[in-house]
Amino acid sequence: MAESGATGGPSVPEVAPEDCELCEAARFTHWYHEDDVCWVADCEACDCPMVVWKQHGTAAPDDDIEHMMAQLAAAGRERFGDDPFTIDRVMRQIPWHFHAHARDRRWQQRRWSSQPSRYSGAVGGPRLLIETT
Ligand SMILES: [Zn+2]
Ligand SMILES: [Zn+2]
């Protein structure tokens with residue numbers, strides 16, 4: 001669909017859905033939620049809950065964004081409880097596919113020390129951690 005060529009714009013790299021890891025939606029970590037619009041799982045890179053739009057691209061309609069932010073906030077409350085967290089919509093690693101993170105205050109420290117979660121085999125339910133031996 002996208003033309004290859006020099007039609008400029010801000011430099012978001014063109015990445016095909018086949019090469020997009022958010023489209024791949026591999027289930028390695030805990031999945032909080034899934035529906036027709038989006039899925040929410042722990043981000044493999046930073047261990048924070050992350051909502052991902054089910055369509056490749058960044059032009060999510062307002063309704064979808066509102067829906068996704070609500071799902072992300074629900075996952076954030078499930079994960080962090082009463083600890084405050086913020087919604088981070090900056091797409092640093094994957095600027096070509098809409099996603100957002102819920103981050104608590106300690107996420108940067110935690111990413112070096114905490115055990116990552118693992119996919120339990122189903123969406124939702126208890127958040128299981130990878131066992132270290
Ligand atoms: Zn992340
Ligand atoms: Zn994608």
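β2 and β3 pair in the antiparallel sense over five bridges. Across this pairing, Asp 42 stands opposite Pro 49 in β3. The model is predicted.

**Helix α2**
- The 19 residues of α2 should span 27 Å at 1.5 Å a residue, and the end C-alpha atoms are 26 Å apart, which agrees.
- Met 68, Gln 71, Leu 72, Ala 75, Gly 76 and Arg 79 are the buried residues in α2.
- Seen down the axis of α2, the buried residues fall within an arc of 145 degrees, so they line one face of the helix.
- These buried residues of α2 pack against β1, β2, β3, β4 and β5.
- The face turned away from the buried side carries exposed residues: Asp 62, Asp 63, Glu 66 and Ala 70.
- Gly 81, with a positive phi near 60 degrees, follows α2.

**Nonpolar core**
- The largest nonpolar core has 20 residues, of which Cys 38, Val 40, Met 50, Val 51, Val 52 and Leu 72 touch the most other members.
- At least two residues of this core come from each of β1 (31–34), β2 (38–42), β3 (49–53), α2 (62–80) and β5 (99–104).
- Leu 72 is buried in α2, and, leaving aside neighbours within four places in sequence, Leu 72 is in contact with Val 40, Pro 49, Val 51, Ile 87, Ala 100 and Ala 102.

**Loop residues with positive phi**
- Most residues other than glycine have a negative phi.
- Ala 25 is not a glycine, yet has a positive phi of about 50 degrees.
- Ala 25 lies in the loop between α1 (21–24) and β1.
- Ala 25 is partly exposed, because 13 other C-beta atoms lie within 10 Å.
- Asp 47 is not a glycine either, and has a positive phi of about 65 degrees.
- The loop between β2 and β3 holds Asp 47.
- Asp 47 counts as buried because 22 C-beta neighbours lie inside 10 Å, and the cut-off for a buried residue is 20 or more.

Conventions:
Residues numbered from 1 in each chain as written. Chains lettered and ligands numbered in written order. Predicted model: local features only at pLDDT ≥ 70, side-chain atom pairs only at ≥ 80, totals over all residues. Core = buried A, V, L, I, M, F, W, Y, C linked by C-beta atoms within 7 Å. Buried ≥ 20, exposed ≤ 12 C-beta atoms within 10 Å, placed from the backbone. Helix = DSSP H or I, 4+ residues; strand = E, 2+ residues; numbered from the N terminus. Contact = placed C-beta atoms within 7 Å. Pairing = 2+ DSSP bridges. Expected span 1.5 Å × (residues − 1). Arc of directions from axis to C-beta.
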